[in-house]
Amino acid sequence: MAPARDEHLDAIRARMAAHSPPLHALVVPSEDAHQSEYVSEQDKRRQFISGFTGSAGLALITMKEALLWTDGRYFLQATQQLSDRWKLMRMGEDPPVEAWIADNLADEAVIGINPWCISVDSAQRYEHASSKKHQTLFQLSSDLVDEVWKDRPLVEPRPVIVHPVEFAGRSVPEKIKELREKLVHEKATAIIITALDEVAWLYNIRGSDVDYSPVVHSYAIVTVHSAFFYVDKRKVTVEVQKYMSGNGIEIREYETVQSDASLLASGKLQSSVHVEKDMNEVESSKIWIDSGSCCLALYSKLSPHQVLALQSPIALAKAVKNPTELDGLRKAHIRDGAAVVQYLAWLDNQMQENYGASGYFSEIKGSHKKENLPTKLTEVSVSDKLEGFRATKENFKGLSFPTISSVGPNAAIIHYTPEASTCSEMDADKIYLCDSGAQYLDGTTDITRTVHFGRPSEHEKSCYTAVLKGHIALDIAVFPNGTTGHALDILSRAPLWREGLDYRHGTGHGIGSYLNVHEGPHLISFRPSARNVPLQASMTVTDEPGYYEDGSFGIRLENVLICKEASAKFNFGDKGYLAFEHITWAPYQTKLIDTKLLTPVEIDWVNTYHSDCRKILEPHLNEQEKQWLMKATEPIAASS
């Protein structure tokens, strides 16, 4: 693959040199025109040009260098996937891309960007940094990567699906009315909505334009009196047309959003759908955009003085789940937990029968793989089996991300994605980490469990126990309203820090309601952005500390939590206090726990969780699976 990618790099540079004006550098981001984390196959430009397959990163190509920036989840993976013509730039350790451009490119250098695939925030950050040397950001009329990507996948029109209120919990008119009230409050006349999950949430629609994320490539513009939906009309059925019209939404072609942004800026955007005017005119022409998700191409159609650049009001409204969504999430996680238990019980049996493993419960040393296995177990084949168990569950629609099924050293690659042709065979003498999730009509799931089917070392046990202690510490936290995820992140790290250990990823992210598996605007992390949005009751967030030893093993434990009001004895400052409710159900492998390192409170937590796990999941299992779960959830006791 490397020679082909080298040819692509050379072809890009030839186009950069021939461009008018000549380009000294080209920015190739991971994102699509909606600033999505996960993108469709035809939008994976950075992956195509660099060979790096992680979901986060940015490539910068100059006439002499090729650099790739990515975060700590992907350092190890990037070193394995990048050819020697690429240099890895570690986010948080190396200078950010805008600083590198300003420091390393010549005065008056021209940097090419696709204005559709760069956010307003990023563009302004680059412009500020490059202004010192009078460098220029040049908005390209066509993407140079697309020009050299001869076999770029074609766009397939996939239908827009109406998401019923029985799952959404709130009707579209309710959501639009609330949005318009926020527009009036901010003295804005309209909002341009670019994030795919925000359009899907607002209009109660879903789709399949992006693998694992049930979204539709679309935009929305909502004014105080009208609403527009920009989509490839080939995706719109008669049913969806009637649905949109009945909710006062006009459907327009996807590409017309740019010209309509210009009309909106000049006050000339008119709708053909009649809507009763139930709000006073806004004495302002302010247009609301979220500069973190709105692309430069649309922003460029507006006058800077008329832009209201604030976080999208939909981000928080979507993150604070309504009672129907919370109920659906709880139910989806029960079904999902049953699938995970069925999988672990099956895998335990397979590892013992085919690999002579001591199994999930025993620590007897030694394994003896059968000769001439009819079908060997691989990271991919076993994860396919897990998907099969999930597929039998009510409301299952697919996976929520590619399953991270990883054995031994591969488990140290934080976002490892096994490929059938190159993945590892299962190994009874190595740790196995499985991070997986599913999309159900009533909720999105994300769970990680780490297990060992042989005899784990004392070091592996102590590391697992440190991760478990951090996992429990966040789960049982009580904190005042107004607390951000930045303040809570240390709770999960402290048990690891005491051992001189740590992990290079955040501790928790929001999760959608049959939407994106990673959802903002809140998060639990050491990153500065985690200070921006306090946690609120009815938000969801994951609890997933870990530890990774390059070349050896990786450990992560993950549950989904719902933020709820706490029943604290006092209420200092009349702030109100919050706590968490875990809704993920699957056992922790007790043979990996060094109980000497647990406090009585932590032992009680594990035993209570396992007792609840048993009661909640048993009705969904057959007799054999119940017996396995009974054994997996037996109480642990403090070591003498």
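**Reading backbone and sheet features**

Modeller: Let us begin with Asn204, which lies in the loop between α9 (196-203) and β9 (205-206). Please bear in mind that the model is predicted.

Colleague: What is the phi of Asn204 near?

Modeller: Most residues other than glycine have a negative phi. Asn204, which is not a glycine, has a positive phi near 50°. His134 likewise is not a glycine and has a positive phi, of about 55°; His134 sits in the loop between α5 (120-130) and β6.

Colleague: Is Asn204 buried or exposed?

Modeller: Asn204 is buried because its relative accessible area is 2%, under the cut-off of 20%. His134, at 57%, is exposed, since the cut-off for that class is over 50%.

Colleague: Which residues does a cis peptide bond join at Pro21?

Modeller: Most peptide bonds are trans. Ser20 and Pro21 are joined by a cis bond with omega of about 0°, and Pro21 belongs to the loop between α1 (2-18) and β1 (25-29). Another cis bond links Gly520 to Pro521, with omega of about 10°; Pro521 is in strand β23 (residues 519-524).

Colleague: What order do the strands of the open sheet have?

Modeller: The six strands run β4-β3-β2-β1-β5-β6, and their pairing is mixed. Strand β3 (residues 66-70) pairs with β4 in the parallel sense over four bridges, and Trp69 stands opposite Met89 in β4.

Key
Residues are numbered from 1 along each chain as its sequence is written. This is a predicted model: local features need pLDDT of at least 70, side-chain atom pairs count only at pLDDT 80 or more; totals for chains, interfaces and linings use all residues. Side-chain values use heavy atoms; hydrogens and water are left out. Two strands pair if DSSP finds at least two bridges between them. Helices (H or I, at least four residues) and strands (E, at least two) are DSSP runs, numbered from the N terminus. Buried means under 20% relative accessible area, exposed over 50%, partly exposed in between (1.4 Å probe, protein chains only).
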